[in-house]
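Thank you for making time for this. Please have a look at the model on the screen before I take you through it.

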Amino acid sequence: SMASKGDRSSAARRTSDETVRTGEIAYRAVLWTLADGGRPHEAGDWLRRDAWLTRTGALLYFSQRRQAAVLLVTAEELRAAELQLRIRDGRSHHFPWVVAFPGASRKALWLSAPSVEARGRWLAA
């Protein structure tokens, strides 16, 4: 679940990285990600992804450039993360939320769905 908490270890992370690409898909849909260094209110800074959550809880997307699945967030990272909904203020892209990681483990990840219902489905998956 995108909304659960937990901890992580490097061994678990390695195991997750190796097995996640073949993991069963729990939910798959269009997801927008904010480009590295992008601004949330700039539509052109968002990238459309064919993304999915695995049953183990990892978030991946299909890279057209690499023609392969790319691990965006491990299950361990997602469990430890805090999800913060963002208001659609007319400038922001679609219906965004932020995945904030504990400490300085990594930079916060901005995600967005095309409707409030779609965002709800991602957060419930």
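This is a predicted model: local features need pLDDT of at least 70, side-chain atom pairs count only at pLDDT 80 or more; totals for chains, interfaces and linings use all residues.

Residues are numbered from 1 along each chain as its sequence is written, and side-chain values use heavy atoms, with hydrogens and water left out.

Let me begin with strand E1, residues 25–34, where a strand is a DSSP run of E with at least two residues, numbered from the N terminus. E1 runs antiparallel to E2, residues 46–54, and nine bridges join them; two strands pair if DSSP finds at least two bridges between them. E1 is also joined by two bridges to E7, residues 109–113, again antiparallel. Thr 33 stands opposite Leu 47 in E2 and opposite Leu 111 in E7.

Now, how much volume does the largest pocket have? It has about 300 Å³, where a volume is the space filled by probe spheres set on grid points joined across faces, edges and corners. A pocket, on a 1 Å grid over the protein atoms alone, is an open set of points where a 1.4 Å probe fits, with protein on both sides within 12 Å along at least five of seven lines, and lining residues have an atom within 4 Å of a point. Of its 15 lining residues, Leu 34, Ala 35, Asp 36, Ala 108 and Leu 109 are the closest to the centre, and E1, E2 and E7 each give two or more residues to the lining.

The second largest pocket holds about 180 Å³, and its lining includes Arg 48, Tyr 61 and Arg 66.

Key: Helices (H or I, at least four residues) and strands (E, at least two) are DSSP runs, numbered from the N terminus.
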